[in-house]
Amino acid sequence: MAKVLLTLQVNGERHTVAAEPHHTLLEVLREEMGLTGTKHGCELGECGACTVLVDGAPVLSCLTLPTELEGAEITTVEGLANGPELHPLQTAFAEEAAAQCGYCTPGMLLSAKALLDRNAAPSREEMAQAIAGNLCRCTGYTAIYEAIERAAAVMRNVPGGAGAEPLRRERPSFRSRTGAQLP
Ligand code: FES
Ligand code: FES
């Protein structure tokens, strides 16, 4: 099938790429632009691993055709940092150990960014709603909520933010699938 030329605005830069007309935004980002931070999960709209922002709103890139997005601003996880300076959410996820295998993390970060951009101090319920479409098999979500709270505090410049100790001092130990205690 003949490829089509697409011009997309991604992470503040215009890119013109040749892509199969039936390829999804996820495929174009990963395969044509080399932006592999956006993860390939279920491809059914169920896991949220492929979440990116389109004009600031979370979108499942596995269900989105890029031909519909010419003129829109697309943000992937590669666009979160400002040069060498990580986004407060990225720092908080690292400090709060909110990523374990990390597969859900890019999508989770972008859903959390969309939340904090419209709500500087979200409640746990609001956080749960914001990341309801982002599945995490590893963390149990508590560390993710704590990381979002920490990032929100940093962004509001209040205690609990930059330079403070992680909000959660102790983490529960983990159990393997067989129930054995892991260190
Ligand atoms: S890969 Fe898009 S929702 Fe799972
Ligand atoms: S950290 Fe592994 S799926 Fe979320």
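Figure 1. Read along the sequence, the predicted chain runs β-β-α-β-β-β-α-α-α-α-β-β. It holds 5 helices and 7 strands; these are DSSP runs numbered from the N terminus, helices being H or I of at least four residues and strands E of at least two. This is a predicted model, in which local features need pLDDT of at least 70 and side-chain atom pairs count only at pLDDT 80 or more, while totals for chains, interfaces and linings use all residues. Residues are numbered from 1 along each chain as its sequence is written, and chains are lettered from A and ligands numbered from 1 in the order in which they are written.

**Figure 2. Helix α3 against helix α5.** The axes of α3 (residues 105–118) and α5 (residues 142–156) come within 11 Å and cross at roughly 45°. Axes are lines fitted to C-alpha atoms, for helices over the stretch in contact, with angles from 0 to 180 degrees between N-to-C directions. Met108, Ala112 and Leu116 of α3 meet Ile144, Ile148, Ala151, Ala152 and Met155 of α5, contact being C-beta atoms, placed from the backbone, within 7 Å. By class, this contact has 8 nonpolar, no polar and no charged residues (nonpolar: Ala, Val, Leu, Ile, Met, Phe, Trp, Tyr, Cys and Pro; charged: Asp, Glu, Lys and Arg; polar: the others, Gly among them).

**Figure 3. Helix α2 against helix α3.** The axes of α2 (residues 88–95) and α3 come within 10 Å and cross at roughly 125°. That makes α2 oblique to α3. Leu89, Gln90 and Phe93 of α2 contact Thr105, Leu109, Ala112 and Lys113 of α3. The classes represented are 4 nonpolar, 2 polar and 1 charged residues.

**Figure 4. The largest nonpolar core.** Of its 45 residues, Ala112, Ile144, Ala147, Ile148 and Ala151 touch the most other members. Such a core is a set of buried Ala, Val, Leu, Ile, Met, Phe, Trp, Tyr and Cys residues joined through C-beta atoms within 7 Å; buried means 20 or more other C-beta atoms within 10 Å of the residue's own. Two or more residues each come from β1 (4–10), α1 (25–32), β3 (51–54), β4 (57–60), α2, α3, α4 (124–130) and α5. Helix α5 gives the largest share, 9 residues. Of the 183 residues of the chain, 39% count as buried.

Note on methods:
Contact = placed C-beta atoms within 7 Å. Parallel < 35°, antiparallel > 145°, perpendicular 65-115°, else oblique. Buried ≥ 20, exposed ≤ 12 C-beta atoms within 10 Å, placed from the backbone.
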